[in-house]
Amino acid sequence: MASIGRRVLLLALLPPLLLLLALRRAAALPAPAVTFPGDKAALAALKSAVAASSVPPYSCLASWDFARDPCAAFPCGIRCYAPATAANSSSYLRVMAVALDPAGYAGALPAAVLSSLPFLASLSLAGNRFHGTLPEGVPLPPALRVLDLSGNAFSGAIPASLFTASSGLQELYLSGNAFSGGIPPQLALLGALARLELQHNGLTGPLPRQLGAMRALYHLDVSGNALSGPPLGAAPGLLPPSLLSFAARNNSFSGPLRAAALGALPALRVLDLTGNTVSGAVPGAALAHPALQQLRLGSNRLDAVEEAPGGGSASQLVELDLSGNRIAGRLPGCLGAMPRLAAVALDRNRFTGGIPDRYAVRAAAEEATDQWVPFARLMLQGNYLCGALPSQLRQLKEGGAAVSLADNCLPRCPRKFFFCQGAPQKDHATCPKCETSFHREDALLRMP
């Protein structure tokens, strides 16, 4: 009977013992991770700064319900992680990325987004209607690598206080806004910056000479502003030698394109100065640059083209646009010898004389040779070219290379050829005396 009694007692005590063990085990488990309170407050400040009327019910921002934990429950717009640092020995999650959808949100950028998210690595508000000035006196978070505010309505000067030597920013997109004033020289403090896009704003003044110190910068676009001064600087060193692409379309850059300035950019592959007031001659150094593949100088005030050193055979150019200038004289013979050149735009200039045979050969060719690729595009309309059509062009069929000879002095360019269609040939009275002789070694390039 005593044995039976002990068994009954053990069975009676078992549920409380199991409950105690379960409670002890639960106490040993870490608490569920939650968003750091300061990060949550910064996100709430961002949503509060956006006009409620600009938040569509289907949008990402509409789903942000601060009755729930952001890192655990927000379905979109943020990314979080738990930093493995002594400073984060608690169970807090930190916001590392904010990316709002382009839903047309309108509002200001609160300073808290920059000052209270120390682990923020990426911030994108692109394609919305954020407006007003950027926060003054608040540097970018040191952890920030990508800042994309493009396609909004931000205005005023770009605050110099954003940029400090402690910043690790690698990509900065401020294009498509209404920023005004000069480009802040303090941008040069961003030692890791590789990509800078400032196009389509209202920026004025010259390029800051401090940009030359940005040794990580490989892409710079300042198109569509009102910037001025020499196109690549009055002396070498205005732009960093690391630069691969420089686009400055539709500004007010003026003066000559200097060979020395080009020589200080040995890695440059793309140079676009379309729509400025660049004057003088296209330097031969531009045509023979060791890396340059795209050279776009259309709609400027250029009046001559220097021959490329070595006759053009060492050129790396794939595309050349000199359209809409004031260039006179014969078509540059060196272009026909450039092995990789495929797109040529010399239209709307003052070129005279005949069309070199080597231009015609490459436009009519269907396949590359071991010396050159065919011309896929040859725009010569709107000049004063004269003489007979090269026989190779007469074999050109529509659907091949894009070629135009309209609006020249070529009365024997019948409209049955697609490349003679468009604006009619100029009246004989407006055409200069036709001189079509070429040096045979420069003019002929026979098919292999």
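1. Start with strands β4 and β6: β4 pairs in the parallel sense with β6 (residues 129-132) over two bridges. The bridge partner of alanine 106 is arginine 129 in β6. Strands here are DSSP E runs of at least two residues, helices are H or I runs of at least four, and both are numbered from the N terminus. Two strands count as paired if DSSP finds at least two bridges between them. Keep in mind that this is a predicted model, where local features need pLDDT of at least 70, side-chain atom pairs count only at pLDDT 80 or more, and totals for chains, interfaces and linings use all residues. Residues are numbered from 1 along each chain as its sequence is written, and side-chain values use heavy atoms, with hydrogens and water left out.

2. Now the sheet that this pair belongs to. Nine strands form an open, parallel sheet, and its order is β4-β6-β8-β10-β12-β14-β16-β18-β20. At the edges you'll find β4 (106-107) and β20 (301-305), each pairing on one side only.

3. There is also a three-strand sheet, open and parallel, in the order β22-β24-β26. Strands β22 and β26 are at its edges with a single partner strand each, so one side of each has no neighbour in the sheet. Two bridges join β22 (residues 328-329) to β24 in parallel: alanine 328 has arginine 350 as its bridge partner, and glycine 329 has phenylalanine 351. Two bridges also link β24 with β26 (residues 384-385), again in the parallel sense; here threonine 352 is the bridge partner of tyrosine 384.

4. The chain as a whole has nine helices and 27 strands. Of its 448 residues, 46% are buried, where buried means under 20% relative accessible area, exposed means over 50%, and partly exposed is in between (1.4 Å probe, protein chains only). Among contacts with a separation of 6 or more, 62% are between residues 24 or more positions apart; contact means heavy atoms within 4.5 Å. The chain exposes about 20,400 Å², with carbon and sulfur atoms supplying 57% of it. Those areas come from the Shrake-Rupley method with a 1.4 Å probe, and for residues only the protein chains shown count as cover.

5. The largest nonpolar core has 109 residues, and Leu207, Phe246, Leu271 and Phe419 have the most contacts inside it. Such a core is a set of buried Ala, Val, Leu, Ile, Met, Phe, Trp, Tyr and Cys residues joined through side-chain atoms within 4.5 Å. Elements that each supply at least two of its residues include α2 (37-49), β3 (92-99), β18 (277-282) and α7 (357-364). Leucine 271, leaving out residues up to four places away in sequence, touches Leu232, Phe246, Leu257, Leu262, Leu292, Gln294, Leu295 and Arg296.

6. Helix α2 is worth a look. Asp39, Ala42, Leu43 and Leu46 of α2 are buried. They cover an arc of only 95 degrees around the axis, which puts them on the same side of α2; the arc is that of the directions from the helix axis to the C-beta atoms. The buried residues of α2 pack against β1 (34-35), α3 (70-73), β2 (78-81), β3, α4 and β6.

7. How many residues of α7 are buried? Six of the eight are, so α7 is largely enclosed by the rest of the structure. The buried ones are Arg358, Tyr359, Ala360, Val361, Arg362 and Ala363. Alanine 364, also in α7, counts as partly exposed at 23% relative accessibility. Beyond its neighbours within four places in sequence, alanine 364 contacts Gln392 and Leu396. The C-alpha atoms of alanine 364 and leucine 396 are 5.4 Å apart, although 32 residues separate the two along the chain.

8. Two backbone spots to check. Most residues other than glycine have a negative phi. Arginine 348, not a glycine, has a positive phi of about 60 degrees; it is in the loop between β23 (343-345) and β24 (350-353) and is partly exposed at 45% relative accessibility. Aspartate 407, not a glycine either, has a positive phi of about 55 degrees. Aspartate 407 lies in the loop between β27 (402-404) and α9 (440-443), and is partly exposed with a relative accessible area of 26%.
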